[in-house]
Amino acid sequence: MGSVDHHLHMFFFPFPSQGHIIPTIDMARLFAARGVKATIITTPLNAPLILRTLEKTKAPHHSIGIRTIKFPCAEFGIPEGCENADSIQNLNMLHSFFKATMMLQEPLEQLLLEEQPHCLIADMFFPWATDSAAKFSIPRLVFHGTGLFSLCASFCVTTYEPYKNVSSDSEAFLIPNLPGEIKMTRMQLTELSRKDDEEKTLTRLLNDSRESEVKSYGMVVNSFNELEQVYSDHYRKVFGRRTWNIGPVSLCNRDNEEKAKRGKEADIDEHVCLNWLGSKKPNSVVYVCFGSMANFSDSQLGEIAMGLENSGQQFIWVVRKNRKDEEEKEKWVPEGFEKRMEGKGLIIRGWAPQVLILDHEAVGGFVTHCGWNSVLEGVSGGVPMVTWPLCAEQFYNEKFVTEVIKIGVPVGVKVGGGVKKDAIEDALNRIMVGEEAEVLRNNARSLAQKARQAVEVGGSSYSDLNSLIQELQLC
């Protein structure tokens, strides 16, 4: 990769959750590979995750440092050691967690004073970071961690409030001023279902984030022009935001070890996983994973198990259950299910090496919660998707996958509702067998090729990153 002068020093400040930290590590690696000195700011208990990932990278990372700041758990009634949003067990504590992150401004500014970096890339959940950067006369870039389609859609829904013009939660409305004739329902807008206290904190946070974005230098986006060109242009021209698309950032992980060691310690040996996949035919395995924060009920897990079995598809299923009582932990498993699925299905309880799995030729489908990291990793792997959004911008991402880029089918989930085994079985078969599956797979493969071209020398994301670095050198 090309390099620039080493004088440019950048701070990277991710929100403390896996879905924000992991792409930030990849992003820092991309900048470091061009000769930029990168420093990742995090809390003490999140630092080992970052160190572990950096130690396994093959690309030069000697210019990536880590600085830690204390997370104020006790001050907000959060248990000591709870420094990552993924470990939050209930909405009340999540409410407190967001409040606690607002107290990170002063220690961040102390680090800015000590290190004097040339630029700050800070997560969208830190709206005050724009003011902090301004105090030191440096540019602040926003990192949303999602794509431009969902940003455009959310902005239009918030601005024009089209959901007020329908008579019921299930009646569809057209999102105004958004390319693509996209329709939603109130049931798909999770922001409308927040409770009072949570509403006040999160709504204020999102409003502050939008205001700080306007005042910021611009945005770095984990996406690529060929995927979201229409919405990238829309965000720049209609909403007046400066953006640089530098993704998919996960593609900086080139070999199996880098892919396997990305994020937390996997709950399966990478060689066991690869050997199992290696015994399967191409495009014959469905990968089922709902991100790092999903916690389904026993009855829903049972429906997923029966849907998988009835579909006849081979699968890898990542199950994350937050249960203290070990005796209660496995009651969701249908009687005899694991024995019947021996050789046909592999259950991973905990953390899985997702990029490693999605990039394997045996994987032919992906059941996903539509978190943006997962969507992009599925796109990069060329894998059709069953969309099962759970919260936040995931319902927008579902529309993008199924209606805009047309590489997936919806399972039919509604906010607060479950999905039955028959719907799961039907969706799985739609992406794995038949003419529809072949069309979806061809679309996905075409996008995967474009994703990889984007990050190579001369590609759109490679060029956007170079342009940003050159511009920052002149600030």
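How are α11 and α16 oriented to each other: parallel, antiparallel, perpendicular or oblique? This note takes up that question and then turns to other features of the model, which is a predicted one.

1. Packing of α11 and α16. Helix α11, residues 298-311, packs with helix α16, residues 421-432, at an angle of about 45 degrees. The axes of the two helices are 8 Å apart. Angles under 35 degrees count as roughly parallel and those from 65 to 115 as roughly perpendicular; α11 and α16 are therefore oblique to each other. Their crossing is right-handed.

2. Residues at the helix contact. On the α11 side, the contact is made by Gln300, Glu303, Ile304, Met306, Gly307, Leu308, Asn310 and Ser311. Their counterparts in α16 are Lys421, Ile424, Glu425, Leu428 and Asn429. Sorted by class, the contact of α11 with α16 comprises five nonpolar, five polar and three charged residues.

3. The largest nonpolar core. This core has 120 residues, and the members that touch the most others are Phe13, Ile175, Tyr287, Ile316, Trp317 and Trp388. Helix α6, residues 148-160, supplies the largest share of the core, with eight residues. A further core, of 30 residues, lies apart from it and includes Ala32, Ile64, Ile121 and Ile469. In soluble globular proteins, nonpolar side chains tend to be buried together.

4. Thr42. This residue belongs to strand β2, which spans residues 37-42. Thr42 has a relative accessibility of 5% and counts as buried, because the cut-off for that class is under 20%. Beyond residues up to four places away in sequence, Thr42 touches Ala47, Ile50, Ile66, Arg67, Thr68 and Ile69.

5. A cis peptide bond. Gly247 and Pro248 are joined by a cis peptide bond, with omega about 0 degrees. Pro248 is placed in the loop between β9 (243-245) and α9 (256-260). Most residues other than glycine have a negative phi, and most peptide bonds are trans.

6. Ser137, a residue other than glycine, has a positive phi near 55 degrees. Its place is in the loop between α5 (129-135) and β5 (140-143), and Ser137 is exposed, at a relative accessible area of 69%. Ala392, also not a glycine, has a positive phi of about 50 degrees. Ala392 lies in the loop between β14 (385-387) and α15 (394-404) and counts as partly exposed, at 39% relative accessibility.

7. Arg445. Where is Arg445 found? Helix α17, residues 435-455, contains Arg445. With a relative accessibility of 40%, Arg445 counts as partly exposed. Leaving out residues up to four places away in sequence, Arg445 touches Asn283, Gly382 and Glu438. The C-alpha atoms of Arg445 and Val379 are separated by 8.0 Å, although these residues are 66 residues apart along the chain.

Key. Residues are numbered from 1 along each chain as its sequence is written. This is a predicted model: local features need pLDDT of at least 70, side-chain atom pairs count only at pLDDT 80 or more; totals for chains, interfaces and linings use all residues. Side-chain values use heavy atoms; hydrogens and water are left out. A nonpolar core is a set of buried Ala, Val, Leu, Ile, Met, Phe, Trp, Tyr and Cys residues joined through side-chain atoms within 4.5 Å. Buried means under 20% relative accessible area, exposed over 50%, partly exposed in between (1.4 Å probe, protein chains only). Helices (H or I, at least four residues) and strands (E, at least two) are DSSP runs, numbered from the N terminus. Axes are lines fitted to C-alpha atoms, for helices over the stretch in contact, and angles run from 0 to 180 degrees between N-to-C directions. Angles under 35 degrees count as roughly parallel, over 145 as roughly antiparallel, 65 to 115 as roughly perpendicular and the rest as oblique. A crossing is left-handed if the near helix is turned anticlockwise from the far one by less than a right angle, and right-handed if clockwise. Contact means heavy atoms within 4.5 Å. Ala, Val, Leu, Ile, Met, Phe, Trp, Tyr, Cys and Pro count as nonpolar, Asp, Glu, Lys and Arg as charged, and the others, Gly among them, as polar.
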